[in-house]
Each structure stands twice: as C-alpha cells, then as structure tokens.
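Here's a quick briefing to read with the model open beside you. Have a look at the fold and the confidence colouring before going through the points.

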Amino acid sequence: MATTSREIPSTTKARRIGVLSGDRAEVGLIWMLRAAGVGLVGVSVVGSFYGLRGLACSPPVTILFDMLARPWWVVAAFVAQAVLSLAQWGARHRAARDARWWGLFAGALLISAGMNWVAFAPHLLAWGWPLIPVALTVIGGDALAEILVIS
Amino acid sequence: MSGDAWLATIWIYLVAFGAAGVLWFRAVRPILEALGWIAPYTGDDDYVTPTPSTPRAASPFDTNEPANEPPNEWLQPVLMPNGDSSVFPDSFALLAVLVEAEALSVTRAYELLGVSRGSSAAYKEAQQRLAAARLKVSGNSQFLELDNERKPTGRIVGRKKS
C-alpha cells in the first residue's frame, strides 16, 4: 500500500532521525537539570524529615520504615518544604523590585538549609570535609533546587 | 562512605550537576556567545528540510509526486487543508494510515466475498464502518479520502480547497 503526502513547503522544519543538534542537546540538558532540581527537592524533604527531629539521615531501608512509622512527620516535612520553597521563590521574584524581600528569601533558605544541615552535614564532616565546603554544599544545594526547578 | 551517608552522596552529586548546569547557562555560555564561538541559544532546531540535488532512483511505490521529495517522507508532517503543516504531527499521519488500512481491509473483504456495491445491506454496513473508522481521526476526518470508484490504493490525500 503506497502512501504519499502533500508537498512540504521549503520552510518546514523537520526532525532528522539520528541527528542531534546542539540546541536539542541543550534542551535535553535543561530537562536533566530540572530533574536534578526535583531530585534535590525530594532529598530535601527527606532531610527535613530527619532535620525536624534533630537526627542525621539513615540508610535507605531505615528511611523507608521510619517514614512509614511516622506519617505525620512526613506530612510536616512536606509542608515545611513546600512553604519554604514557595517563600524562597516568591521572595526572589519580588526582590527584583524591592530588595527587602531578600530578607524573607534568606530566612526561608536558612530554615530549610538548617534542617538539611542536621540531616546531611554530620556525614560530610565525618568524611573530613572542611566546614565551609560543607556549608556551601548544604546551603547552596537548597537554593539550587528552587533555581533549577523554576528558572 | 558508610551506608548512612548514601543520601548525602546523592545530594552532593545533584548539587554538583546542577551547579555545573547553572554555571554553563549563566556564565560560560554567555562568554562563548560574546566571543562568537557558539550561536545564541534558541531552544529550537533551525534545521530546514533540504531538497536533494539529484533526483532519487525510481521506485515502484512512486506516484505522481514530484521526483525531488524531501528525505524521510514518512516522517514529514502532512500538509493540512488550511495549509498549516505544523498541526499535523508525524504520529497523527501514522494513525491516519492505520485507520485507512483498516477501512480498506473492511471494504476489500466485502469485495472479495462478492458483495455488490451500492445496494446491498452488507456493503452499506461496510461503508458505515468506513465512516466510523474515519471518525477515529477526530476533527480531521475530512482529511482522509477513499476513492471508491477506483481500485483502492490506500493513498492519503488532502482535500481539495473549494
């Protein structure tokens, strides 16, 4: 069965199978970065789950059982991260017109990063990492999540 | 690395990847653009379908189409009656082919069974099924045309502009 199509205008853009242009590679990179941002948000929720209770994060299986055993703490971690992420996002946009919003952004970031610090920093410090790189990794990662997902 | 630190490890990898990506788009890329080493990011592919410089060899599947067809004609968007090709994605063209094939098979089956056209209830039923198959391509059923006066070819053609 022969199938034909109408003549295509010369200006038609078409995809070529097996050919990946630079722009398309960058689009793929952007989606991977967004996925990394979502991943950071997810890890941050787990970090908040432990950080709210003043504990360092545990091995994978332990985390699963911990979360199943304490569903309200999971809800609290979700709510905390949602509120703090929205506060960071909104404050960062409003700060473009009024610099005082940077105060709210910094406050929300520090609270969120504080919970992640409790959960993750003990492990990084135990590896012998200096304090400043640990702080940059924990606080920077918290800020990066919002930037990657939204921007 | 102990088992307790696995989530911290994931955190570090995500931060490193994300930071590298932000660095690329916010710092490195603008510098390379300013130097003229790479084109500004558009987020789209500016590739334009080329026309082959030499006609391709004749094929038994050739019809009255122009000889210089763009490559990958199966993957080209098909021109819609209103002249807009972008609203007709490749998957939709494939669906139209499948619907057409199914409709043809029904009609052809009745022909092989010796059912005469025009008056018999069986043939009318076949026509109804054909109409139903066309409706599967919702909103664009007018795009499919089956020439029942000739031997069915399975061709998909655009409706002529009135």
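Predicted model: local features only at pLDDT ≥ 70, side-chain atom pairs only at ≥ 80, totals over all residues.

Residues are numbered from 1 along each chain as its sequence is written, while chains are lettered from A and ligands numbered from 1 in the order in which they are written. For the complex, the predictor gives an ipTM of 0.79 and a pTM of 0.54.

**Chain A**
- Chain A has 5 helices and 0 strands (DSSP runs numbered from the N terminus: H or I of at least four residues for helices, E of at least two for strands).
- Its elements run α-α-α-α-α from the N terminus on.
- Of its 151 residues, 30% count as buried, meaning that 20 or more other C-beta atoms, placed from the backbone, lie within 10 Å of the residue's own.
- Among contacts in chain A (C-beta atoms, placed from the backbone, within 7 Å) between residues at least 6 apart in sequence, 68% join residues at least 24 apart.

**Helices α3 and α4 of chain A**
- The axes of α3(A) (residues 71-94) and α4(A) (residues 101-126) come within 8 Å and cross at roughly 155°; axes are lines fitted to C-alpha atoms over the stretch in contact, with angles from 0 to 180 degrees between N-to-C directions.
- That angle makes α3(A) roughly antiparallel to α4(A) (the cut-off is over 145 degrees).
- On the α3(A) side, the contact residues include A:Gln81, A:Leu84 and A:Ala87; on the α4(A) side, A:Trp101, A:Leu104 and A:Phe105 are among them.
- The contact residues divide into 9 nonpolar, 3 polar and 2 charged (Ala, Val, Leu, Ile, Met, Phe, Trp, Tyr, Cys and Pro are nonpolar, Asp, Glu, Lys and Arg charged, and the others, Gly among them, polar).

**Chain B**
- Chain B has 3 helices and 0 strands, in the pattern α-α-α along the sequence.
- Of the 162 residues of chain B, 17% count as buried.

**Confidence in chain B**

Terms used
Parallel < 35°, antiparallel > 145°, perpendicular 65-115°, else oblique. Contact = placed C-beta atoms within 7 Å. Buried ≥ 20, exposed ≤ 12 C-beta atoms within 10 Å, placed from the backbone.
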